[in-house]
Amino acid sequence: MKLTLHVWRQKNARDPGAFVTYTPTDISPDMSFLEMLDVVNEGLIGRGQEPIAFDHDCREGICGTCGMVINGAAHGPRRATTACQLHMRSFKDGDTITIEPWRAAAFPVIKDLVVDRSAFDRIIAVGGFISVPTGSAPDGNAIPVPKPAADQAMDAAACIGCGACVAACPNASAMLFTAAKVSHLGLLPQGQPERHERVRRMVAQMDAEGFGTCTNHFECEAVCPKSISVEFIARLNRDYIKASLVGEPKATAGGEG
Ligand code: SF4
Ligand code: FES
């Protein structure tokens, strides 16, 4: 495949940045999108030029590091697909592809397509944990978890923290990410002791990081590579109101109250 790539190049956070055009001619449709960038980078390095910086680790849709905007869509044109799982057969020979970093004030560009997503880490740090007594491991199934709560918690836990929801939202809201992280613990009995404190702290940190508010555009759900449902945002809002009105709940074996 021959392609025309317009790639955002930016030396550092202070550099204004600009699109640079590349025209690779030897791209296989079976390559992943990141392998295509590898090929472009090999050419750049061979010519003594700076390779395009982009984040990646697992390359199998698990780690959440590979976010980039491809032709205006976070993670590219395929639903429920990370950039690393996108293949070049999703494009046509001769296509023009524009590649940009996430654009959000809370995710400053570090270099080229790499952004600083440590705002997400700080949201997790204030509430994404449970307190358990130390000692030997408990017996398996000692704490019964109702099947509907377990299923919903698993759905929320699928969030890989990629940030596509923020990049796609016109308000750069982090509500879908925060809702997923609040819910996957708050739905389980083990997450009950800190449930109200967790939602209060994580929402406060989300606001402090400069993410925007949710005004129900639902772009987040549309681009989420793990199909996290906006229903978790409604659940977060309910939990937040409850947490603002009442104190800490008692731990129960039944999970969500
Ligand atoms: S909710 Fe979806 S889009 Fe947002 S960080 Fe999690 S996996 Fe990525
Ligand atoms: S590189 Fe890990 S999700 Fe894409």
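**Asking how the terms apply**

Guide: Around ligand 1 there are 13 residues, of which Cys 159, Cys 162, Gly 163, Cys 165 and Cys 224 come nearest; a residue is near a molecule if one of its heavy atoms lies within 4 Å of it. This is a predicted model, in which local features need pLDDT of at least 70 and side-chain atom pairs count only at pLDDT 80 or more, while totals for chains, interfaces and linings use all residues. Residues are numbered from 1 along each chain as its sequence is written, chains are lettered from A and ligands numbered from 1 in the order in which they are written, and side-chain values use heavy atoms, with hydrogens and water left out.

Visitor: What classes of residue make up the shell around ligand 1?
Guide: The shell has eleven nonpolar, two polar and no charged residues, where Ala, Val, Leu, Ile, Met, Phe, Trp, Tyr, Cys and Pro count as nonpolar, Asp, Glu, Lys and Arg as charged, and the others, Gly among them, as polar. Helix H4 (164-168) and helix H5 (175-186) each supply at least two residues of this shell; helices are DSSP runs of H or I with at least four residues, numbered from the N terminus.

Visitor: Why is Gly 212 called buried?
Guide: Buried means under 20% relative accessible area, exposed over 50%, and partly exposed in between, with a 1.4 Å probe and protein chains only. Gly 212 has 19% relative accessibility and therefore counts as buried, and its place is in the loop between helix H6 (195-208) and helix H7 (219-223).

Visitor: What makes H5 largely enclosed by the rest of the structure?
Guide: Eleven of its twelve residues are buried, so H5 is largely enclosed; among the buried ones are Met 175, Phe 177, Lys 181 and Gly 186.

Visitor: How do you know that the span of helix H8 agrees with its number of residues?
Guide: The expected span of a helix is 1.5 Å times one less than its number of residues. The 15 residues of H8 (residues 231-245) should therefore span 21 Å, and the end C-alpha atoms are 22 Å apart, which agrees.

Visitor: Which residues of H8 are buried, and why are they said to be on the same side?
Guide: In H8, Phe 232, Ile 233, Arg 235, Leu 236, Asp 239 and Ala 243 are buried. They cover an arc of only 155° around the axis, so they lie on the same side of H8; the arc is that of the directions from the helix axis to the C-beta atoms. The face turned away from this buried side carries the exposed residues Glu 231, Arg 238, Ile 241 and Leu 245.
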